[in-house]
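Please consult the sequence and the structure shown here.

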Amino acid sequence: MSENSMDSVESELGTGLQSASQPLFVAPQNPVADSKACLERVRQLKRKANELIGDLNQITKIQETELLQKKKRRSAVYLDGYKRRLDTFQSLNWKFVPELPARELAEKGWQMKGIQYRKVDPYFSGPESVECPSCSRFVSVVLPNIVEVPITVYNACISHVREKLTTAHENTCLFRSPPVDYFPELRNSPKNLKKFYQMSLDALRRVDFGEAAGHFDELDPFIRAIFGELRPNELLPAAYALLHWRPKSGTLTRLECELCARDLTPKILPDFSHPSSQHYACCPLLDKGEDGDTPVWKEMAQLCVKPAEGKVIADLYRVETKMSKSLSNSSLNNI
């Protein structure tokens with residue numbers, strides 16, 4: 001072995017012995033100061049994390065608010081167009097097709113095609129065809145006579161027309177998307193819903209109901225919870241307010257529903273005519289709610305009543321708990 005290699009081995013052995021002689025754990029010179037510095041560092045990190053979480057919550061809240069406002073604007077725009085489209089089917093020129101109700105046509109973006117098209121296309125015009133005001137497409141809703149064709153053929157024609165109500169739109173037409181909720185700002189806020197009912201009642205107070213009478217036990221709990229104590233002559237307007245009736249524009253003798261385009265004169269109706277029975281069958285207010293049984297109008301009215309019921313139930317539970325505790329304590333004292 002050369003002299004150089006011997007020197008390198010000795011140096012390596014010396015380094016290994018020196019490192020082996022060093023302690024594996026070195027105690028801190030000032031443990032109190034080190035622990036304080038570590039604690040302060042943890043606090044700084046915690047403050048920074050809280051700030052980041054606050055910023056994220058703020059950003060999320062802003063995004064949710066913008067999304068809600070966007071949905072509200074879209075709903076308002078959609079409803080305005082929906083009402084105009086639905087009104088076109090109230091014309092006497094429209095040929096009523098029971099299997100294709102006006103609401104279904106209006107929801108999917110269709111309105112009755114104008115009579116001016118008759119000269120251009122006499123087959124697909126007038127009261128048996130519909131057009132889209134957005135993409136200008138049109139669809140014939142002519143169905144064969146049900147007594148002249150097999151029922152399977154008749155049902156196939158209905159299915160074909162219903163499919164066309166969606167696919168006949170241009171690919172970029174906004175009506176290819178599903179319709180929006182009719183009551184987004186009301187379902188999400190009982191406060192806004194109660195305000196809506198109150199504004200409806202204030203408007204209906206000016207309407208001439210004549211000598212019409214109406215007292216509905218089914219509506220009494222909602223009227224008391226939403227409007228409080230009312231005079232006898234205000235009970236009927238309040239009942240119509242719960243069913244979303246509003247005064248017809250330009251008159252104080254007629255009412256209208258903006259969701260089914262129905263209008264009526266309340267003072268000539270038979271006494272005790274339920275406000276819900278005056279809506280068209282296609283009105284969204286008469287749809288079944290989330291439980292599949294309760295009408296939408298009642299489901300919405302319950303939103304203004306349930307908080308009070310919940311408070312009563314909670315109060316009863318607290319009273320029952322206190323009584324049970326007092327009884328148990330008294331029984332223990334008697335032992």
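The axes of helix 6 (residues 190-204) and helix 8 (residues 235-242) come within 9 Å and cross at roughly 135°. Helix 6 is therefore oblique to helix 8; angles under 35 degrees count as roughly parallel, over 145 as roughly antiparallel, 65 to 115 as roughly perpendicular and the rest as oblique. Axes are lines fitted to C-alpha atoms, for helices over the stretch in contact, and angles run from 0 to 180 degrees between N-to-C directions. Helices (H or I, at least four residues) and strands (E, at least two) are DSSP runs, numbered from the N terminus.

The model is predicted: local features need pLDDT of at least 70, side-chain atom pairs count only at pLDDT 80 or more, and totals for chains, interfaces and linings use all residues. Residues are numbered from 1 along each chain as its sequence is written, and side-chain values use heavy atoms, without hydrogens and water.

On the helix 6 side, Tyr197, Ser200, Leu201 and Leu204 make contact (heavy atoms within 4.5 Å) with Pro237, Ala238, Tyr240, Ala241 and Leu242 of helix 8.

The strands form open antiparallel sheets, one in the order 1-2-3 and another in the order 4-5-6. Two strands pair if DSSP finds at least two bridges between them.

| Strand pair | Bridges | Opposite residues |
|---|---|---|
| Strand 2 (residues 129-131) and strand 3 | three | Val130 and Val139 |
| Strand 5 (residues 255-257) and strand 6 | three | Glu256 and Asp263 |
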